[in-house]
Amino acid sequence: MAFIDEIKRRRTFAVISHPDAGKTTLTEKLLLFGGAIHIAGAVKSNKIKKTATSDWMEIEKQRGISVATSVMAFEYNGFKINILDTPGHQDFQEDTFRTLTAVDSVIIVVDCAKGVESQTRKLMNVCRMRNTPVIVFVNKMDRNGKNPFDLMDELEKELNIMVRPLSWPINQGDKFKGVYNLYEHSLNLYTPSKQTISENVAIDDINSKQLDDIVGEQDAMQLREDLELLDGVYPEFDRSTYEAGQVAPVFFGSALNNFGIKELLDCFCEIAPSPGEIQTEERIVKPEEEKFSGFVFKIHANMDPNHRSCIAFVKVCSGKFERNVNYKHVRLGKSFKFSSPTCFMAQKKDIVDEAYPGDIVGLPDSGGTFKIGDTLTSGETIHFKGLPSFSPEMFKYIENDDPMKAKQLNKGIEQLTDEGVAQVFTNQFNGRKIIGTVGALQFEVIQYRLLHEYNAQCRWEPISLYKACWIESDDAEALDTFKKRKYQYMAKDKEGRDVFLADSGYILQMAQSDFPKIRFHFSSEF
Ligand code: G4P
């Protein structure tokens, strides 16, 4: 197959949702359709159980299992589908944010009764930063939920994106009859089943009596009214607005009951983008370029204390990646070749000889060679832009509990923060190191890993902080004055950028009004 066709047939995406909306179930059903797995329940092991919140070792064990499902690739109707898994546990949401840098589109799952939830909103904000095309799947239609029109309004308002339903439900809950596929003008009738796939009935004319015969007069009438209203309210579906991240097509279904998934997958393959151009710091990289380039978006550490090994996940952005070929590690300025790069076909991990743009390869790394955001190329010096760091939610001072092991501790902190487990800030006033995380679990993870992998003991000390803000100003003098005035609260991040540590929302507000020439940012890219 021609190189360009290999690129065109690739669909690399992530399924994202607020916990419990049905992300795992939908992912699994997509794999079932793709023939990548044969029984339901196979993906469940990958899921970080919500009940295990206090037992982080258990979570890490499950994360270990999930290496195999980090990327689930399969062939479907001539397309090569790469689903990138994202952790369900919200303490690991930074992992999810980073994974979103490597996808070309996303499917957002929303529970029809709960609508848009906090995590959905956050994830959508990250998608918006890169104008990632979004498809919404409204799940659990077998349960009573919100009125679909209200839900459309809620999606538009809460996710700040225009929507275009491409399927429409006929009733819901106990009375759920199925969906009308507006894209293909067919009726998909619902029979609750976890195993079988429902049949489509082509309805060329929704005014035909055939519709009344199938769904009953009342529901048929309602559907006709709804469709008329839809046509009046929503513009025709236009692929370019979807690709630009301005309009989100919406589908309805029930992942658990295998319903609405095939329509979603078929339409997804047709409209979702193949890998596109990527802006690097130096220039735009096109996937069809002959020379290979790619970047590391995720590092997965092995929790086995006996081998401190990791897998660095690289998204191929241009050219063909080949095994045992020398590539330049741009940050280190060194050349590396990889004898056992892996790809992930559903549950299996295999050594690959080549990979195309859109594909993900796993590179074993035992020596801390890779950091999140590292670029690999065929020789050129370019830098892919990573995802910015966001202000953490929780902060603690990290202290050395074994004076003989200061070196190990520093190395551990350095490498764990490279992996993206947490962020580190150095207070300019007292030189103390502050670790910032998204969730409480990471503190335990870090302490454990420092001890078992680096033989270093740490202790946490409380610090009351509200936010870490990256600051800048066009006025050097104003910046200097600010830093002098707030010297106790100034820190540097890992890259040496200035960070203001605000200990309350009030203090931050005061600083913003007292220093109008300073810009305060909640993420490191501005
Ligand atoms: P998540 O990954 O987004 O956290 O959600 P997950 O797929 O685990 O689904 C959360 C719960 O919702 C699961 O139930 C799942 O069976 C259920 N679910 C998913 N899709 C549907 C659907 O279309 N209809 C209905 N009624 N339920 C659905 P659970 O009891 O938490 O887990 P389990 O015991 O079924 O595994």
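**Exercise 1. A pair of helices**

Find out in which hand α11 passes α12, then describe how the two helices meet.

*Solution.* Let's start with the handedness: the crossing of α11 past α12 is right-handed. Keep in mind that we are working with a predicted model.

Step 1: locate the helices. Helix α11 covers residues 406-419, and helix α12 covers residues 441-454.

Step 2: look at the axes. They come within 10 Å of each other and cross at roughly 120°.

Step 3: classify the angle. Angles of 65 to 115 degrees count as roughly perpendicular and those over 145 as roughly antiparallel, so α11 is oblique to α12.

Step 4: list the residues that touch. From α11 come Gln408, Leu409, Lys411, Gly412, Ile413, Gln415, Leu416 and Glu419, while α12 supplies Ile446, Arg449, Leu450 and Tyr454.

Step 5: sort them by class. The contact of α11 with α12 has six nonpolar, three polar and three charged residues.

**Exercise 2. Another pair, another angle**

Work out how α2 and α10 are oriented to each other, and which residues make their contact.

Step 1: find both values. The axes of α2 (residues 23-33) and α10 (residues 261-271) come within 10 Å, with a crossing angle of roughly 75°.

Step 2: name the arrangement. The range for roughly perpendicular is 65 to 115 degrees, and α2 and α10 are therefore roughly perpendicular to each other.

Step 3: pick out the partners. Leu26, Lys29, Leu30 and Phe33 of α2 meet Ile261, Lys262, Leu264 and Leu265 of α10.

Step 4: sort them. Six are nonpolar, two are charged and none is polar.

**Exercise 3. A residue in a loop**

Describe where Asp353 lies and which residues it is in contact with.

Step 1: Asp353 is then in contact with Phe321, Glu322 and Arg323.

Step 2: Asp353 and Glu322 are 31 residues apart in sequence, and their C-alpha atoms are 5.6 Å apart.

**Exercise 4. A pocket**

Give the volume of the second largest pocket and describe its lining.

*Solution.* Step 1: the volume is about 570 Å³.

Step 1: the pocket is lined by 24 residues, and Val103, Arg130, Thr132, Glu277 and Ile278 lie nearest its centre.

Step 2: by class, the lining has 11 nonpolar, six polar and seven charged residues.

Notes:
Residues numbered from 1 in each chain as written. Predicted model: local features only at pLDDT ≥ 70, side-chain atom pairs only at ≥ 80, totals over all residues. Heavy atoms only, no water. Axes fitted to C-alpha atoms, helices over the stretch in contact; angles between N-to-C directions. Helix = DSSP H or I, 4+ residues; strand = E, 2+ residues; numbered from the N terminus. Parallel < 35°, antiparallel > 145°, perpendicular 65-115°, else oblique. Left-handed = near helix turned anticlockwise from the far one by under 90°. Contact = heavy atoms within 4.5 Å. Nonpolar A, V, L, I, M, F, W, Y, C, P; charged D, E, K, R; others polar. 1 Å grid on protein atoms, 1.4 Å probe; cavity = no way out; pocket = protein on both sides within 12 Å on 5 of 7 lines; lining within 4 Å. Points joined across faces, edges and corners; volume = space filled by probe spheres on them.
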